[in-house]
Each structure stands twice: as structure tokens, then as C-alpha cells.
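User: I am new to this structure. Please show me how to read its features one by one.

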Amino acid sequence: MIGSIASIAPHPNTSYLAMVFPNADPQVVSALSNHAKALTRYLAQIHELTITETVETVEAFFGFETAEPLQSDVA
């Protein structure tokens, strides 16, 4: 999911996260890139979105679906 996008360096998709989530700090994204759930929570919080909205945004932008079900919709 989102961690796989952020952890692929220097893949062009890493810069796409900044386009989709412009308030995200690239250093924080990089630090959380191996922790998909933490990265998703961070992006949700910084953009005032729910976890579901964040995941749906990533899925829509990158054209893939989440393999694991969401545990919580609270950011």
C-alpha cells in the first residue's frame, strides 16, 4: 500500500506523494516509509482526513487496492 510507494527510492512515485499530500514533510514521509500504518496516520492527520479517505486517495491516485482491511477510521 502506501508504504510500498514511499519506500521505493528513487522511484518517481515517491515525489507523487508530495503532489497528493502537499502538507507532508518529505523527511517525515521518508522516516515513516517502512511503517505504512504510521505513514497513513501521519498523512491523514496533517491533511485533516480520515484513515479511509487517505487510503482511498492513495488507491485512486496510484490505481491499486489495499490488501489489508482498515482497523480504524480515526486519524
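The dialogue below takes up confidence, the core, a helix and the surface.

User: Where is confidence lowest in the chain, and where is it highest?

Analyst: This is a predicted model, and the mean pLDDT of the chain is 74, with 63% of its residues at 70 or more. Helix 1 (residues 2-7) is lowest, at a mean of 57, while helix 4 is highest, at 91. Over residues 8-12, pLDDT stays under 50, and the model has one contact for them beyond four places in sequence.

User: Which residues make up the largest nonpolar core?

Analyst: In soluble globular proteins, nonpolar side chains tend to be buried together. Here the largest nonpolar core has eleven residues, among them Leu-17, Phe-21, Leu-32, Leu-39, Tyr-42 and Phe-62. Two or more residues come from each of helix 2 (13-20), helix 4 (36-46) and helix 5 (51-62). Helix 4 gives the most, with three residues. Leaving aside residues up to four places away in sequence, Leu-32 touches Ala-38, Leu-39 and Tyr-42.

User: Which residues of helix 4 are buried?

Analyst: An α-helix has 3.6 residues a turn, so residues three or four places apart point the same way. In helix 4 the buried residues are Leu-39, Thr-40, Tyr-42, Leu-43 and Ala-44. Just after helix 4, Glu-48 has a positive phi of about 55°.

User: Which residues form a nonpolar patch on the surface?

Analyst: Tyr-16, Met-19 and Phe-61 do, with about 300 Å² of accessible area together. Met-19 lies in helix 2.

User: Why does Met-19 count as exposed?

Analyst: Met-19 counts as exposed because its relative accessibility is 55%, and the cut-off for exposed is over 50%.

Technical notes:
Residues are numbered from 1 along each chain as its sequence is written. This is a predicted model: local features need pLDDT of at least 70, side-chain atom pairs count only at pLDDT 80 or more; totals for chains, interfaces and linings use all residues. Side-chain values use heavy atoms; hydrogens and water are left out. A nonpolar core is a set of buried Ala, Val, Leu, Ile, Met, Phe, Trp, Tyr and Cys residues joined through side-chain atoms within 4.5 Å. Buried means under 20% relative accessible area, exposed over 50%, partly exposed in between (1.4 Å probe, protein chains only). Helices (H or I, at least four residues) and strands (E, at least two) are DSSP runs, numbered from the N terminus. Contact means heavy atoms within 4.5 Å. pLDDT is the predictor's confidence in each residue, from 0 to 100. Patches are made of residues with over 30% relative accessible area and no salt bridge: like charges are joined within 9 Å, nonpolar side chains (Val, Leu, Ile, Met, Phe, Trp, Tyr) within 5 Å. Accessible areas come from the Shrake-Rupley method with a 1.4 Å probe; for residues, only the protein chains shown count as cover. A salt bridge is a side-chain nitrogen of Lys or Arg within 4 Å of a carboxyl oxygen of Asp or Glu.
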